[in-house]
Amino acid sequence: MWVRMIITTLLVAFVMGGCASEKFELQGSQRRAYRVETIKNRHPQWDELTVQKVAARQVEIGMTREMVWEALGKANAISQQGDEEKWGYEIMIDHYTHIERKLAYMVYFRNGQVVRTAGDKSKLSYTN
């Protein structure tokens with residue numbers, strides 16, 4: 001009796017999991033459109049190309065802090081180095097015995113605008 005209940009429960013969970021992942025895929029373009037509209041509403045002064053780049057999480061030379069914030073979110077570390085401000089974005093690496101936090105991507109600003117970037121942005125979970 002218990003075995004039948006466990007097998008039935010696992011089967012239902014498996015089928016529902018498949019439905020959920022299919023639904024998640026279908027909503028990908030809807031999520032992107034929602035992100036574009038949200039950014040447009042928050043920043044009506046930005047041109048369409050900038051909105052599209054920010055929605056795609058692209059960071060380019062000349063972008064403002066506000067654009068980078070919208071594109072990548074809050075930085076894990078912010079520091080000042082001379083006349084440059086550095087925003088660092090971390091990844092977490094699970095070593096089974098401990099979790100290591102490591103800077104994966106850095107954005108450098110001078111006078112409020114991006115002057116350069118360093119690291120591998122593709123390692124950030126939301127850009128994959």
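Which residues of the largest nonpolar core touch the most other members? In this predicted model, local features need pLDDT of at least 70 and side-chain atom pairs count only at pLDDT 80 or more, whereas totals for chains, interfaces and linings use all residues. Residues are numbered from 1 along each chain as its sequence is written, and side-chain values use heavy atoms, with hydrogens and water left out.

The largest nonpolar core holds 22 residues, of which Val59, Val68, Leu72, Tyr89 and Val107 touch the most other members. A nonpolar core is a set of buried Ala, Val, Leu, Ile, Met, Phe, Trp, Tyr and Cys residues joined through side-chain atoms within 4.5 Å. Two or more residues of this core come from each of helix H2 (28-42), H3, H4, S2 and strand S3 (99-110). Helices (H or I, at least four residues) and strands (E, at least two) are DSSP runs numbered from the N terminus.

Two aromatic pairs are counted, where rings of Phe, Tyr and Trp (its six-membered ring) pair if their centres lie within 6.5 Å, planes under 30 degrees apart being stacked, over 60 edge-to-face and the rest tilted. The ring centres of tryptophan 69 and tryptophan 87 are 6.4 Å apart and their planes stand at 80°, so this pair is edge-to-face. Because tryptophan 69 belongs to helix H4 and tryptophan 87 to strand S2, the pair ties together parts that are 18 residues apart in sequence. Tryptophan 69 is partly exposed, at 44% relative accessibility, while tryptophan 87 is buried, at 5% relative accessible area; buried means under 20%, exposed over 50% and partly exposed in between, with a 1.4 Å probe and protein chains only. Trp69, Trp87 and Phe109 make up one aromatic cluster.

Arginine 116 is placed over the face of tyrosine 108, at 3.7 Å from the ring centre. A charge sits over a ring if NZ of Lys or CZ of Arg is within 6 Å of the ring centre and within 35 degrees of the ring normal.

Lysine 86 is part of strand S2 (residues 84-94). Lysine 86 is buried but has no salt bridge, and the nearest side chain of opposite charge, glutamate 84, is 8.9 Å away. A salt bridge is a side-chain nitrogen of Lys or Arg within 4 Å of a carboxyl oxygen of Asp or Glu; Lys and Arg count as positive and Asp and Glu as negative, with His and the chain ends not counted.
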